[in-house]
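Dear colleague,

I am handing over the structure below, and after it you will find my notes on a few of its elements. Please read them alongside the coordinates.

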Amino acid sequence: MASAVLAIVAMLAATGCAADPGGPAPVGTTATRQVPEQPFGLKWDGYQHPPKYDADIEAYGGGGTFHELVWCAIEARQGERYWDLDDRVVDGLLSYGYRVMLRIRVGTCWANGRPAAGRPRIAVSYPPADIAAYQAFVRDAVIRYAARGVHMYGIENEIDARNMWGGDPLAYRDVGRAGAEAVRRADPLARLLDVGLTSGSYGVVVARTMLDAGRTDRALAFYRAFYARGDGRFPPAATAGELRAVIDSPAGRRATAAHAAAFELDRAGVFDAYQLHYYDSWAALPEVVDYIRAQAGPAMPIEGWEVGSYWPGGDYDPVAHGAEVAKLVTILLARGVKRVVYLPLFYRPGVVVSEEHWRGLYGVDDVARPAKTVFDQFRKRFPAGVWHRLTLPGLDGGLVDQGATTAVVMWSAGGGTVSLSPPAGATAGRTARETAGETAGATARKTAGKTAGETAGETAGETTVTDLPDGRSRTWPGGTLEVGATPVIVTVPAPLADTLRWLEPT
């Protein structure tokens with residue numbers, strides 16, 4: 001997926017740029033916006049974007065985003081480096097206050113003894129012919145951007161995908177180690193993310209672990225649910241024999257090798273955090289997270305640097321997409337994933353693919369989708385707070401401990417409904433709020449960077465319910481709340497312990 005998004009203006013690679021021998025850029029060249037860090041980020045076309053998106057991009061400042069530095073694009077002719085385009089992109093990201101990760105890729109050119117690619121910024125990578133020369137480039141790139149305030153890096157991207165990595169995935173191990181070593185030498189403050197495997201690879205590899213453990217029925221059910229919307233590499237499998245055939249296919253073996261290479265480096269401490277890419281079934285996500293922790297080690301932080309929705313075809317439903325985003329983000333945060341970067345913010349038809357497969361927060365008509373309402377709700381409500389899993393009979397979701405207030409994002413686990421009574425002490429207080437953006441007045445208190453009424457109109461003593469994906473909020477003075485398959489946010493004016501006692505079945 002990353003290659004599709006980053007392809008948009010690849011042909012601008014060297015237009016109007018001046019050669020630069022490398023080395024650090026002077027400190028202070030970037031107007032870095034100082035914004036408190038928060039978990040929610042966006043990925044958009046960093047080379048150019050319509051002005052209409054500026055307000056959205058600025059609103060997510062403090063979150064994460066990424067950019068790819070491709071050696072063969074920057075140094076298409078040996079000894080002549082053109083940094084200007086990448087400088088402009090990185091400076092632009094920093095000016096919004098984003099925490100920027102730079103993925104350093106080789107690409108295809110003289111650096112690996114191959115003919116130069118026509119579109120170098122999205123070209124497949126091959127291992128470098130000269131590791132010392134490669135490390136010298138990585139060192140210079142890191143020194144240059146560390147001077148601007150960038151301290152997060154990844155080495156290559158999605159080595160299970162042939163359009164990202166042209167060699168044997170196991171050959172990545174040497175490149176990953178060499179690149180990581182060069183980064184750390186150049187920047188003592190550097191934080192390294194691992195390679196980032198494709199979302200689609202998890203279905204076949206996790207199913208294989210289940211099959212190998214003798215959990216045949218679960219493996220088949222998981223595989224079927226994971227690929228319910230299809231995948232070009234992995235066909236349907238209705239029996240254990242068919243699943244084994246997929247696992248043993250060239251695509252299956254490549255995915256297995258890529259996971260083995262990535263996790264080997266993770267366990268060896270080469271990287272500091274696991275870079276999760278995920279666009280598939282929200283229902284399969286808990287088992288994917290469990291698999292990652294089992295392979296990388298429970299202490300390895302997981303960060304969602306590419307999160308979104310793979311939904312090709314004419315059955316796409318924007319409202320269902322919004323509800324799925326709410327579940328996806330909740331599951332990630334409630335299971336300890338520390339960062340969620342949604343990709344893409346918007347889609348432009350015909351740039352790489354003729355039809356939209358990975359659904360943006362905006363449609364091709366530039367109209368915001370319900371998924372954007374959902375993601376905005378999370379950003380406004382939860383810039384801080386400690387997430388916990390919601391583990392109660394019949395319910396799924398997460399709780400956010402915000403001190404004196406607790407938010408519960410929940411939906412029914414079995415497809416039916418669960419009836420809840422309001423927490424003790426809830427008061428009618430005011431009439432129901434019809435929109436999530438209604439304010440409580442000029443004197444509303446500030447909490448975690450937002451007014452108390454900005455998202456739900458809540459005041460002390462009131463419990464509010466926000467329906468997703470439409471974002472409408474209301475007070476909950478009495479009666480039962482029927483929680484179904486569509487998520488809701490219940491904001492309780494009570495600490496976590498009291499909220500848990502309310503939720504416990506009697």
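Strand β15 (residues 464–467) is joined to β16 by three bridges, the two running antiparallel, and within this pairing Thr-464 has Thr-475 of β16 as its bridge partner. Strands here are DSSP runs of E with at least two residues, and helices are runs of H or I with at least four, both numbered from the N terminus; two strands pair if DSSP finds at least two bridges between them.

Both strands belong to an open sheet of six strands, ordered β9-β10-β11-β18-β15-β16 with antiparallel pairing. Because β9 (386–389) and β16 (473–475) stand at the edges with a single partner strand each, one side of each is left without a neighbour in the sheet.

The model is predicted, so that local features need pLDDT of at least 70 and side-chain atom pairs count only at pLDDT 80 or more, whereas totals for chains, interfaces and linings use all residues. Residues are numbered from 1 along each chain as its sequence is written, and side-chain values use heavy atoms, with hydrogens and water left out.

Turning to the loop between β5 (191–193) and α7, Ser-199 lies there and counts as buried, at 4% relative accessibility (buried means under 20% relative accessible area, exposed over 50%, partly exposed in between, with a 1.4 Å probe and protein chains only). Leaving aside neighbours within four places in sequence, Ser-199 is in contact (heavy atoms within 4.5 Å) with Phe-226, His-277, Tyr-278, Tyr-279 and Asp-280.
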